[in-house]
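Subject: Structure for you to look at

Hello,

Here is the structure for you to open. Please have it on screen while you read the notes below it.

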Amino acid sequence: MKSRIREFDSSTLNESVRNTIMRDLKAVGKKFMHVLYPRKSNTLLRDWDLWGPLILCVTLALMLQRDSVDSEKDGGPQFAEVFVIVWFGAVTITLNSKLLGGNISFFQSLCVLGYCILPLTVAMLICRLVLLADPGPVNFMVRLFVVIVMFAWSIVASTAFLADSQPPNRRALAVYPVFLFYFVISWMILTFTPQ
Amino acid sequence: AVSQDHGSNDDTEDVSLFDAEEETTNRPRKSKIRHPVASFFHLFFRVSAIVVYLLCELLSSSFITCMVTIILLLSCDFWAVKNVTGRLMVGLRWWNHIDEDGKSHWVFESRKSSQENKTVSEAESRIFWLGLIACPVLWVIFAFSALFSFRVKWLAVVIMGVVLQGANLYGYIRCKVGSRKNLTSMATSYFGKQFLRQNTGDDQTS
């Protein structure tokens with residue numbers, strides 16, 4: 001393995017900037033694809049990166065802004081709130097899983113949890129579009145349905161990657177915080193109103 | 001006559017010392033900047049993030065715009081310093097590697113100086129380390145000031161700044177230290193050089 005690292009390192013030390021950018025972009029894109037079509041594979045775990053979670057978190061926080069007329073209360077605390085909930089929640093779940101004896105590293109777990117927010121971000125986008133129509137029970141039912149489907153998708157995607165890292169008798173204990181985490185985010189999405 | 005001899009002796013001594021120094025260093029191009037674009041971007045993202053943070057009230061009335069701008073600048077800076085400018089300017093790189101057993105290894109590498117004549121230029125090295133060290137220190141100062149003046153809504157951004165820039169600082173220091181085998185031997189060689197330089201300087205003046 002040492003020689004493999006050596007040859008890897010000389011090639012990355014001297015590669016051009018364009019190669020570096022393309023390599024990282026492709027890695028991020030591949031992970032997004034993996035979340036959309038989850039199967040048991042190790043790619044998300046092996047080459048972790050936190051760019052996807054950052055992009056998703058910023059997008060989600062931007063979309064969860066209320067359009068307020070008053071520019072002084074311009075949604076600053078809500079933006080920071082979404083950030084804090086997402087990252088603090090992910091760190092807590094990771095610590096929980098490590099304390100239960102999981103053999104996944106800190107950043108890998110953050111990576112998986114962050115990337116699996118993608119379905120909920122799509123749900124947020126759809127909800128915002130649906131909210132442009134007139135409000136009413138139909139509106140709410142559509143949004144509820146979309147959020148439930150995406151919530152289930154996030155759970156399935158993240159457990160496909162995380163469940164294997166836990167010993168079998170602890171799997172439920174490790175998975176239920178993930179359930180809670182995505183539930184809180186789904187709740188924020190569902191109860192969002194633009195005014 | 002005596003003073004003239006003394007003077008001429010001094011001159012020849014100075015000339016021969018100067019020549020000896022040039023021969024031992026043997027790297028006349030050390031002070032040129034070989035990657036101006038990389039050097040510019042190394043400092044550009046960090047300094048603009050700090051500038052936007054300090055001038056946010058003047059630049060835009062919207063807190064969100066400032067926050068998102070700072071986050072974007074910090075992320076670009078992190079990526080650029082970790083993947084590009086470290087490699088090009090000082091030949092160091094650090095990353096995380098997960099092997100087949102699922103264990104994570106942090107790899108800190110430095111380019112051997114014998115490889116392909118790519119020596120590190122002094123000016124670039126100075127710019128690199130100056131930018132790398134000064135900015136996290138500033139972000140830590142901002143963190144304390146945000147905490148104590150209760151501007152808590154900025155705390156998320158400031159903590160992000162501290163974490164990202166501190167991570168790069170830590171990674172590159174470990175690369176540098178790792179390439180010299182031992183922190184104590186590096187410290188003793190540095191102080192030894194300073195000591196020698198002072199003493200030879202004293203001899204010359206007297």
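**What was found**

A:Lys31 sits in helix H2 of chain A, which covers residues 17–36. Keep in mind that this is a predicted model. Is A:Lys31 buried or exposed? A:Lys31 has a relative accessible area of 4%, and buried means under 20%, so A:Lys31 is buried. Between the C-alpha atoms of A:Lys31 and A:Val112 there are 9.1 Å, although the two are 81 residues apart along the chain.

**Annotated regions of chain A**

An unreviewed UniProt entry gives the feature "transmembrane region" for chain A at residues 48–65, 77–95, 107–131, 143–162 and 174–193. Two of these spans can be described further. Residues 48–65 of chain A are 72% helix and 0% strand, and the C-alpha atoms at the ends of that span are 29 Å apart. Residues 143–162 of chain A are 100% helix and 0% strand, with 28 Å between the end C-alpha atoms.

**Cavities**

How many cavities of 30 Å³ or more does a search of the whole structure find? The search finds 2. The largest cavity holds about 70 Å³ of space. Its lining includes A:Ile93, A:Ser97, A:Ile104, A:Ser109 and A:Leu162, and also A:Ala174, A:Val175 and A:Val178. Helix H5 (76–99) and helix H9 (171–190) of chain A each supply at least two residues of that lining. The largest share comes from H9(A), with 3 residues.

**Cysteines**

How many disulfides does the structure hold over all chains? The count is 0. A:Cys57 is in no disulfide, and the nearest cysteine sulfur, that of A:Cys111, is 14 Å away. With a relative accessibility of 0%, A:Cys57 counts as buried. B:Cys66 is likewise in no disulfide. Here the nearest cysteine sulfur belongs to B:Cys56 and is 4.9 Å away.

**Chain B as a whole**

Chain B has 7 helices and 2 strands. Along the sequence they follow the pattern α-α-α-α-β-β-α-α-α. Chain B has 206 residues, and 35% of them count as buried. Take the contacts in chain B with a separation of 6 or more: 71% of them are between residues 24 or more positions apart. The accessible surface of chain B is about 12,800 Å², and carbon and sulfur atoms account for 63% of that surface.

For chain B, the "transmembrane region" annotation in UniProt, again from an unreviewed entry, covers residues 37–55, 61–81, 127–148 and 154–173. Residues 37–55 of chain B are 95% helix and 0% strand, and their end C-alpha atoms are 26 Å apart. Residues 154–173 of chain B are 95% helix and 0% strand, with the end C-alpha atoms 28 Å apart.

B:Phe45 is part of helix H2 of chain B, residues 36–54. B:Phe45 counts as buried because its relative accessibility is 16%, and the limit for buried is under 20%. Which residues does B:Phe45 touch, not counting those up to four places away in sequence? They are B:Leu73, B:Cys76, B:Asp77 and B:Ala80. The C-alpha atom of B:Phe45 is 9.5 Å from that of B:Val81, which is 36 residues away along the chain.

B:Ser125 belongs to helix H5 of chain B, residues 122–148. With a relative accessible area of 18%, B:Ser125 is buried. Apart from neighbours within four places in sequence, B:Ser125 is in contact with B:Val90 and B:Val120.

B:Phe150 is found in the loop between H5 and helix H6 (155–179) of chain B. Is B:Phe150 buried or exposed? B:Phe150 has a relative accessible area of 69% and is exposed, because exposed means over 50%. The phi of B:Phe150 is near 60 degrees, a positive value in a residue other than glycine. Most residues other than glycine have a negative phi.

Regards

Conventions
Residues numbered from 1 in each chain as written. Chains lettered and ligands numbered in written order. Predicted model: local features only at pLDDT ≥ 70, side-chain atom pairs only at ≥ 80, totals over all residues. Heavy atoms only, no water. Helix = DSSP H or I, 4+ residues; strand = E, 2+ residues; numbered from the N terminus. Buried < 20%, exposed > 50% of the residue type's maximum accessible area, 1.4 Å probe, protein only. Contact = heavy atoms within 4.5 Å. Areas by Shrake-Rupley, 256 points an atom, 1.4 Å probe, with all protein chains shown as cover. UniProt positions renumbered as here; feature names shortened; annotations may be inferred. Disulfide = S-S within 2.5 Å. 1 Å grid on protein atoms, 1.4 Å probe; cavity = no way out; pocket = protein on both sides within 12 Å on 5 of 7 lines; lining within 4 Å. Points joined across faces, edges and corners; volume = space filled by probe spheres on them.
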